[in-house]
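Biologist: Happy to look at this one with you. Could you show me the model and walk me through the terms as we go?

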Amino acid sequence: MRKILIIDDDIFFLKALKRMLTTLGDYSADISADGSIAFRSQEIREYDLVMLDLNMPKPDGRECLMAVKASAPSVPVIIVTGENSTETAVEYLRMGAYDYLTKPIDRNRLNATLENLFRLKSLEEELDSITRHLLKNELEKPYCFEKILTLDETMKKNFRYTEAIAPTSKPVLICGETGTGKELMAESLHLCSGREGKYVSVDVSGIDDSVFSDTLFGHTKGAFTGADKARSGLIETASGGTIFLDEIGDLQEASQIKLLRLLQTGEYYPLGSDAAKKSSARIVTAMNRTPEALLDKGFRNDLYYRLSTYRIDVPPLRERKKDIPLLARFFYSGAAKELKIPDRPDERALELLLAYRFPGNVRELKSIMEDAALQQKIGRTLFDTITERLNIKEVSGEKKARLKLTDVFGFLPTIKQVTDALVNEALEETKGSQKDAAAIVGLSRQAFNRRLNMQKKE
Ligand SMILES: Nc1ncnc2c1ncn2[C@@H]1O[C@H](COP(=O)(O)OP(=O)(O)OP(=O)(O)O)[C@@H](O)[C@H]1O
Ligand SMILES: [Mg+2]
């Protein structure tokens, strides 16, 4: 509900405009025949809009506009006047009025002005709320994210962003490699939104268009052979809630068109029906490709832009190293409890994990730790299980890759080639921080820099 204040000395006009406003939309209007209210800034700030007459006994419209713009600049003012002059209109717009309407008020013109104004205002408010959330360090609803363990700053920023966008009903796209926790993010988003409907998750990879339509939109009785009963689709199950479409990058072209139509109109057709149904489910999607790869592959641009109104990028596990021991202990501990073995993982073994790339991310770490706990129960050490799983061999207390350099280079490299590769990879790992890269490879900052310069000169 938007609150509007109308100031005009003509009491009949005030009442008529108030009536018109309440029939136009979700607006409530207060009226005042005396301009002095414009000088009470506390009161004015309570309103989403002031509609102001120009010709009034003192204070007149001009003085009122100046007062509002000085003390409550974020409250928009629309001038409503009998004076139809372009010059006056321009003058007032310059002074900060949002628009200038002439009496008698045209209903359609007023409607369009208010819709535009409040659409813009909603966007600004949304952006404001997102910025506020991102600047804050505290979450308002930490319990929504309690299933996602993390010590990583980017992940925490994602939580704050998720909290900020949760109350809107716009689509969200979650991107990240396989096993990074996208589904958990989608669940947290739903929880955080406070939406009363259900959270429904559907994996759309590998399903053809008719299965997609039937699953999401449902069908009428007799829609196809074997459809002996009408069945509602998952969009309906998720009414007032969230529908999570996983692996959206695999969606077939025909299904992409249907999804686009749903996003554009908020409507869909069950199979066999020509009566459109309204959807009130929020659409959240996920994929493990990058947007560039998705569009390269021929995914519809227009659909991508709709789906990614908001986008959350979940970083791969190797880019949040602090989470590796944290999650390793957590998964090990869960398994140890179940297997009734002591919950004291060998910390030296956990360190080995830091050097691994984790192509399968958290899911892979979970499986490694659960397997390691099981192996421990049958007498193998955690250290041995992990080195074997990660293809790492320990020689006399030193960690050494079992992989040979010839496997990596395809030939036996020179010392220079190895050093260059090492320097480059360390820079990649640290996202270009020479200080951190030097520390990783065990060189002083100066020595690292010298090597880098030598490389550049060649
Ligand atoms: N930060 C985390 N804390 C605890 N468990 C996690 C975390 N991240 C992921 N997991 C667990 O790892 C597994 C994989 O997570 P999830 O299914 O959410 O990944 P995904 O990104 O959706 O994967 P895919 O791309 O394969 O669909 C799940 O068992 C999940 O509970
Ligand atoms: Mg998933």
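Modeller: Gladly! Leu245, Ile248 and Leu259 touch the most other members of the largest nonpolar core, which has 28 residues. This is a predicted model, where local features need pLDDT of at least 70, side-chain atom pairs count only at pLDDT 80 or more, and totals for chains, interfaces and linings use all residues. Residues are numbered from 1 along each chain as its sequence is written, and side-chain values use heavy atoms, without hydrogens and water.

Biologist: What makes a set of residues a nonpolar core?

Modeller: Its members are buried Ala, Val, Leu, Ile, Met, Phe, Trp, Tyr and Cys residues joined through side-chain atoms within 4.5 Å. Another core, of 26 residues, lies apart from the largest one and includes Tyr332 and Phe383.

Biologist: What is isoleucine 248 in contact with, leaving aside its neighbours within four places in sequence?

Modeller: Contact means heavy atoms within 4.5 Å. The partners of isoleucine 248 include Leu173, Val204, Leu259 and Phe299.

Biologist: Why is isoleucine 11 called partly exposed?

Modeller: Buried means under 20% relative accessible area and exposed over 50%, with partly exposed in between (1.4 Å probe, protein chains only). Isoleucine 11 has 40% relative accessibility, so it counts as partly exposed.

Biologist: Where does isoleucine 11 lie?

Modeller: In helix α1, residues 11-24; helices are DSSP runs (H or I) of at least four residues, and strands (E) of at least two, numbered from the N terminus.

Biologist: Which feature does UniProt place at residues 148-374?

Modeller: The unreviewed entry gives "domain: Sigma-54 factor interaction", and such annotations may be inferred rather than shown by experiment. Over residues 148-374 the chain is 44% helix and 14% strand.

Methods
Chains lettered and ligands numbered in written order.
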